[in-house]
Amino acid sequence: MNILKLIEEDIASVKERIDTENSNGSYDYQFDGEKYDTADEVLEQVGEWESLDCNLSYDAGYVAGLKSVKSQLEKEG
């Protein structure tokens, strides 16, 4: 099993869920009505939060962690 492919699929899965929830208006409250078009834009904004604790914060941290592991594996590989 290719671990890099597994990481990429997991990142894509989280981003797909974020895109779906974003398009449904689930994040309107967190962003005070500000609209973002993509999961990457949402995750970028979450990265700038100082102390908001919600599921979106956990998703952003999870994706960032997966990207870090992927980057390290690519360097070693």
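Where is the place of Asn2? Asn2 lies in the segment before H1. The model described here is predicted. The protein chain contains three helices and zero strands, in the order α-α-α along the sequence.

**Overall form**
- The C-alpha trace of the protein chain spans about 45 × 25 × 15 Å along its principal axes.
- Of the 77 residues in the protein chain, 26% are buried.
- Contacts between residues at least 6 apart in sequence include 52% that join residues at least 24 apart.

**Helix H2 and its cover**
- Helix H2 covers residues 39–46, and its buried residues are Ala39, Val42, Leu43 and Val46.

**Asn2**
- Asn2 has a relative accessible area of 47%, and is classed as partly exposed because that value falls between the 20% limit for buried and the 50% limit for exposed.
- The C-alpha atom of Asn2 is separated by 23 Å from that of Ala60, a residue 58 positions away along the chain.

**Surface and charge**
- The protein chain has an accessible surface of about 5,400 Å², and carbon and sulfur atoms account for 46% of this surface.
- Side chains in the protein chain include 7 positive and 19 negative ones.
- The centres of the positive and negative sets lie 7 Å apart.

Note on methods
Residues are numbered from 1 along each chain as its sequence is written. This is a predicted model: local features need pLDDT of at least 70, side-chain atom pairs count only at pLDDT 80 or more; totals for chains, interfaces and linings use all residues. Side-chain values use heavy atoms; hydrogens and water are left out. Buried means under 20% relative accessible area, exposed over 50%, partly exposed in between (1.4 Å probe, protein chains only). Helices (H or I, at least four residues) and strands (E, at least two) are DSSP runs, numbered from the N terminus. Contact means heavy atoms within 4.5 Å. Accessible areas come from the Shrake-Rupley method with a 1.4 Å probe; for residues, only the protein chains shown count as cover. Lys and Arg count as positive and Asp and Glu as negative; His and the chain ends are not counted. The place of a charge is taken as NZ of Lys, CZ of Arg, CG of Asp or CD of Glu.
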